[in-house]
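Subject: Model for your review

Hello,

Here is the structure we spoke about. My notes follow it.

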Amino acid sequence: MTTDWRHAIETQREEKDRYFGGDPHSPIPPDERESFDGLEYYQIGEEYRFELPLHECDDPERVTVGTSTDGEREYLRWGKFRFTVDGEDVALQAYKADPDDERLWVPFRDATSGDETYGAGRYLDLEDDAHRTDDGNWILDFNEAYNPTCAYSDRYECPLPPTENWLEVPIEAGEKAYH
């Protein structure tokens with residue numbers, strides 16, 4: 001990420017809104033694109049941006065994750081992030097689809113799910129080149145949390161956050177529910 005992380009997130013959001021509103025591959029149904037005027041987001045807040053070590057698993061375990069269409073997908077439980085939100089200690093598992101992936105997938109549900117945010121949960125994608133600090137920590141920035149494509153149309157199949165990643169605290173950051 002750039003040194004001005006807030007500006008980078010604002011730019012990401014603007015680009016996503018343009019894509020969702022006008023690209024033929026947008027997950028927004030075609031009949032809704034003309035009236036689409038952007039996604040809703042929480043205000044960008046530094047309290048939801050963490051620089052953390054990943055407590056990697058010695059022997060990553062295969063985990064079967066349910067999907068929005070009653071299917072299943074397999075991931076490797078790669079490690080755990082531990083942090084504090086509103087005075088509460090919490091942990092989230094990070095997953096990889098393949099051991100050679102440079103990306104970590106961090107799906108989660110929280111106390112806003114089904115109310116202010118998509119009921120099935122949201123995702124964070126952590127890229128090694130963009131979400132690592134010089135000292136090797138990961139940048140876990142919930143301001144980048146986004147809805148899976150199935151939040152916009154039921155024509156998509158999305159993996160659901162495993163129950164081990166259901167947080168009881170609200171994460172009032174990132175993308176809000178669509179509609």
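Histidine 55 touches Gly79, Lys80 and Arg82, not counting residues up to four places away in sequence; contact here means heavy atoms within 4.5 Å. Histidine 55 belongs to strand E2. Helices (H or I, at least four residues) and strands (E, at least two) are DSSP runs, numbered from the N terminus. At 36% relative accessibility, histidine 55 counts as partly exposed. The terms are set as follows: buried is under 20% relative accessible area, exposed is over 50%, and partly exposed is in between, with a 1.4 Å probe and protein chains only. Glycine 136 is 81 residues from histidine 55 in sequence and 12 Å from it in space, C-alpha to C-alpha.

Before the rest, the conventions. This is a predicted model, in which local features need pLDDT of at least 70 and side-chain atom pairs count only at pLDDT 80 or more, while totals for chains, interfaces and linings use all residues. Residues are numbered from 1 along each chain as its sequence is written, and side-chain values use heavy atoms, with hydrogens and water left out.

Pockets

A pocket is found on a 1 Å grid over the protein atoms alone, as an open set of points where a 1.4 Å probe fits, with protein on both sides within 12 Å along at least five of seven lines; lining residues have an atom within 4 Å of a point. Grid points are joined across faces, edges and corners, and a volume is the space filled by probe spheres set on the points.

The largest pocket holds about 420 Å³ of space. Its lining has 25 residues, and those nearest the centre are Lys16, Asp125, Glu144, Tyr146 and Glu175. Helix H1 (5-22) and strand E6 (122-127) are the elements that give two or more residues to this lining. H1 provides the largest share, 5 residues. By type, the lining of the largest pocket has 11 nonpolar, 5 polar and 9 charged residues. In this count Ala, Val, Leu, Ile, Met, Phe, Trp, Tyr, Cys and Pro are nonpolar, Asp, Glu, Lys and Arg are charged, and the others, Gly among them, are polar.

The second largest pocket has about 190 Å³ of space. Among the residues that line it are Glu32, Phe36, Asp37, Leu39, Lys176, Tyr178 and His179. Its lining divides into 4 nonpolar, 3 polar and 4 charged residues.

Histidine 179, one of the residues lining that second pocket, lies in the segment after E7. Histidine 179 is exposed, at 78% relative accessibility, and has a positive phi of about 75° although it is not a glycine.

Helix H1

The 18 residues of H1 should span 26 Å at 1.5 Å a residue, and the end C-alpha atoms are 26 Å apart, which agrees. The expected span is 1.5 Å times one less than the number of residues. Trp5, Ala8, Ile9, Arg13 and Phe20 are the buried residues of H1. They cover an arc of only 135° around the axis, so they are on the same side of H1; the arc is that of the directions from the helix axis to the C-beta atoms. Arg18 and Gly22 are exposed on the other side. The buried residues of H1 pack against helix H2 (30-33), strand E1 (49-52) and strand E7 (138-141).

Other strand and loop positions

Glutamate 51 is in strand E1 and is partly exposed, with a relative accessible area of 45%. Leaving aside neighbours within four places in sequence, glutamate 51 is in contact with Thr133, Asn137, Trp138 and Ile139. Glutamate 51 and leucine 39 are 12 residues apart in sequence, yet 27 Å apart in space, C-alpha to C-alpha.

Valine 85 lies in strand E3 and is buried, with a relative accessible area of 3%. Not counting residues up to four places away in sequence, valine 85 touches Tyr48, Phe50, Val90, Val169, Pro170 and Ile171.

Aspartate 70 lies in the loop between strand E2 (55-66) and strand E3 (72-85). Aspartate 70 is exposed, with a relative accessible area of 77%, and its phi is near 65°, a positive value in a residue other than glycine.

Regards
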